[in-house]
Amino acid sequence: MVTVRIIPCLDVKDGKVVKGIHFENIKVAGDPVENASFYCKEGADEIVFLDISATIEGRKTMVDIVRKVADVVFIPFTVGGGISSLNDIDKLLSNGADKISINTAAVKNPKLIEESAKKFGSQCIVVAIDAKKIGNNKWEVFIEGGKTPTGLDVIDWAKKTVDLGAGEILLTSIDRDGTQDGYDIELTKTVSESVKIPVIASGGAGKLEHLYEAIVNGKANAVLIASLLHFRILTIPQIKKYLKSKGIEVREIK
Amino acid sequence: MIGIIKYGSGNIYSVFSTLKFLGKEVVLVENPKILDKLNFLILPGVGNFASSMENLEKGGLLEKIRYKLKDGIPFLGICLGLQLLFEWSEEGEREGFGILKGKVVKFKDKNIKIPHMGWNKVKILKESFLFKDIRDNSYFYFAHSYYVNTQKELIIGKTNYGIDFPSVIVKKNIVGVQFHPEKSGELGLLFLKNFLEGKWLQ
């Protein structure tokens with residue numbers, strides 16, 4: 001069967017990695033290619049780049065980065081952040097990104113999911129959903145970096161994105177993001193059991209057990225990890241060794 | 001010279017950059033005329049079955065590729081590029097190249113997530129130069145919702161996702177893989193190297 005995927009997330013701003021590996025060698029610290037190559041060699045199953053540039057110029061540099069990464073990194077990578085049109089998607093994919101992730105634009109214009117899935121195939125369209133708990137087993141979709149409530153119910157929205165052609169859901173718990181208290185298991189489980197497409201759990205990883213819980217109890221098909229890896233609190237081989245010892249199928253290299 | 005057929009929209013660059021990385025001379029092919037200058041032909045897999053067939057027909061590439069395949073050019077179809085070789089697909093309900101016998105069908109198991117997305121094992125069924133230095137049950141990267149239903153004789157590698165499906169097929173000069181070798185790390189590079197440098201004597 002397909003293995004669970006361990007996915008490092010790198011935040012990029014104006015062409016530089018701003019949330020990435022804390023290298024001792026400062027010179028390469030902000031280099032997206034160096035960061036991606038490092039995780040690729042360590043055994044990452046995929047990589048996600050989140051472009052947090054606030055300007056058009058900043059976003060343009062993402063296309064160059066995609067090409068540079070595609071020249072030396074031979075595992076799949078996804079690009080998200082600020083993507084709002086078919087043209088944006090086309091540019092990123094044709095320069096070597098394997099998938100793109102859309103969030104705010106998908107909520108504002110759900111047709112974008114449908115049109116992009118038709119044109120490029122569902123397998124490369126990831127819909128990112130930022131969820132905030134608003135009650136017992138109830139979560140609301142937030143957009144614009146988790147700042148703006150939409151009134152949309154997370155489960156309803158997740159189902160709708162599947163109907164429109166999304167190939168995967170990147171599900172972030174706003175409540176847990178940055179806390180290291182563990183993934184929102186209820187949220188992950190509820191969404192994963194509501195949709196037929198793979199779900200990537202994100203937000204809250206603080207220790208090995210959290211990853212196990214997200215996969216086994218939360219039914220996540222992949223886990224997104226940032227700080228925990230960047231600060232070298234955990235390494236990918238360590239994570240995979242642990243999950244394997246717990247009976248979870250992982251892809252080990254070497 | 002290796003030619004990568006450019007059709008439809010999506011990530012064709014990765015196959016190109018992977019071959020460049022392996023030190024190969026490679027060109028993107030949009031014009032059927034170039035096909036006569038090539039030693040290897042690669043049909044990458046991006047997009048949708050029906051619209052890809054339309055694009056290939058429109059550009060006049062379809063007939064020329066079909067001719068080259070019969071002429072014996074070493075050929076690699078990746079993902080959708082594999083599926084297009086068959087007679088018919090459920091995706092868009094239309095016919096493909098019809099070079100290989102079989103149909104392309106969707107995963108139907110209710111207990112699995114679709115697309116089949118991620119790293120999965122390839123079980124080697126028949127020894128081949130394509131698997132040189134690649135161990136049985138090695139992991140490769142998959143991203144697809146459809147698979148081919150074909151004759152047993154063609155299948156040299158299979159993968160399980162709810163059911164067993166063909167992940168590597170070979171018929172004479174034609175090789176097809178359901179996974180993405182260009183996205184399968186070191187082993188993917190090795191598979192491509194084997195394809196390009198292997199002995200093409202049957």
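Here are some friendly questions and answers about this predicted model.

User: Leaving aside neighbours within four places in sequence, which residues is Val223(A) in contact with?
Analyst: Val223(A) is one of the residues that touch the most other members of the core. Contact here asks for C-beta atoms within 7 Å. With its neighbours within four places in sequence left aside, Val223(A) is in contact with Ile6(A), Ile7(A), Ile200(A), Ala201(A), Ala205(A), Leu211(A), Ala214(A) and Ile215(A).

User: How many residues of the side of chain A that touches chain B are charged?
Analyst: The contact takes 30 residues from chain B and 32 residues from chain A. On chain A's side, helix 2 (56-72), helix 3 (86-94) and helix 5 (111-120) are the elements that give two or more residues. That side divides into 13 nonpolar and 9 polar residues, and the charged ones number 10.

User: Is the crossing of helix 6 of chain A and helix 7 of chain A left-handed or right-handed?
Analyst: Picture helix 6 (residues 154-164) and helix 7 (residues 185-194) of chain A: their axes come within 9 Å and cross at roughly 35°. Val154(A), Ile155(A), Ala158(A) and Lys159(A) in helix 6 meet Thr190(A), Val191(A) and Ser194(A) in helix 7. These contact residues divide into 4 nonpolar, 2 polar and 1 charged. The crossing of the two helices is right-handed.

Methods:
Residues are numbered from 1 along each chain as its sequence is written. Chains are lettered from A and ligands numbered from 1 in the order in which they are written. This is a predicted model: local features need pLDDT of at least 70, side-chain atom pairs count only at pLDDT 80 or more; totals for chains, interfaces and linings use all residues. A nonpolar core is a set of buried Ala, Val, Leu, Ile, Met, Phe, Trp, Tyr and Cys residues joined through C-beta atoms within 7 Å. A residue is buried if 20 or more other C-beta atoms lie within 10 Å of its own, exposed if 12 or fewer, and partly exposed in between; C-beta atoms are placed from the backbone. Two residues are in contact if their C-beta atoms, placed from the backbone, lie within 7 Å. Helices (H or I, at least four residues) and strands (E, at least two) are DSSP runs, numbered from the N terminus. Ala, Val, Leu, Ile, Met, Phe, Trp, Tyr, Cys and Pro count as nonpolar, Asp, Glu, Lys and Arg as charged, and the others, Gly among them, as polar. Axes are lines fitted to C-alpha atoms, for helices over the stretch in contact, and angles run from 0 to 180 degrees between N-to-C directions. A crossing is left-handed if the near helix is turned anticlockwise from the far one by less than a right angle, and right-handed if clockwise.
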